[in-house]
Amino acid sequence: FLEAFNRTGRILNIMVSRSDGREPMLLNYLTSPHVLVWSASRASSAVPGVFASCQLWARDPQGREVPLEELKFTDGCVDSDLPKARLTELFNVNFFV
């Protein structure tokens, strides 16, 4: 996420739900700077019963792509609703997809 922010100057937020049932995670350049955007997008698209859950990937200090955790992640809005008001307040979000 940090690499995407540095290249574009835009903040991207993606919500994912953990397979262990804990709170959904909001991923962005502040909360998870080394997570790869493609893996977060894939996890957020993993709607249970339609697409399989998947791992998040990140860049290690040597620049290699490595799995972030052994946990699997799915669509972030499965466990809770998207916190639109909070995102707008914290990050001046104007558009939601």
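**Salt bridges and their surroundings**

Tutor: Asp-60 counts as buried, at 14% relative accessibility (buried means under 20% relative accessible area, exposed over 50%, and partly exposed in between, with a 1.4 Å probe and protein chains only). The model is predicted, and local features need pLDDT of at least 70, side-chain atom pairs count only at pLDDT 80 or more, and totals for chains, interfaces and linings use all residues. Residues are numbered from 1 along each chain as its sequence is written, and side-chain values use heavy atoms, with hydrogens and water left out.

Asp-60 meets Arg-64 in a salt bridge at 2.8 Å, N to O; the term denotes a side-chain nitrogen of Lys or Arg within 4 Å of a carboxyl oxygen of Asp or Glu. A second pair joins Asp-20 to Arg-18, with the closest N and O atoms 3.0 Å apart. Here Asp-20 is partly exposed at 38% relative accessibility, whereas Arg-18 is buried, with a relative accessible area of 12%. Elsewhere, shared partners link Glu-3, Arg-7, Arg-59 and Glu-65 into one network of salt bridges.

Glu-3 is partly exposed at 36% relative accessibility, and Arg-59 is partly exposed with a relative accessible area of 33%. The count comes to 6 salt bridges.
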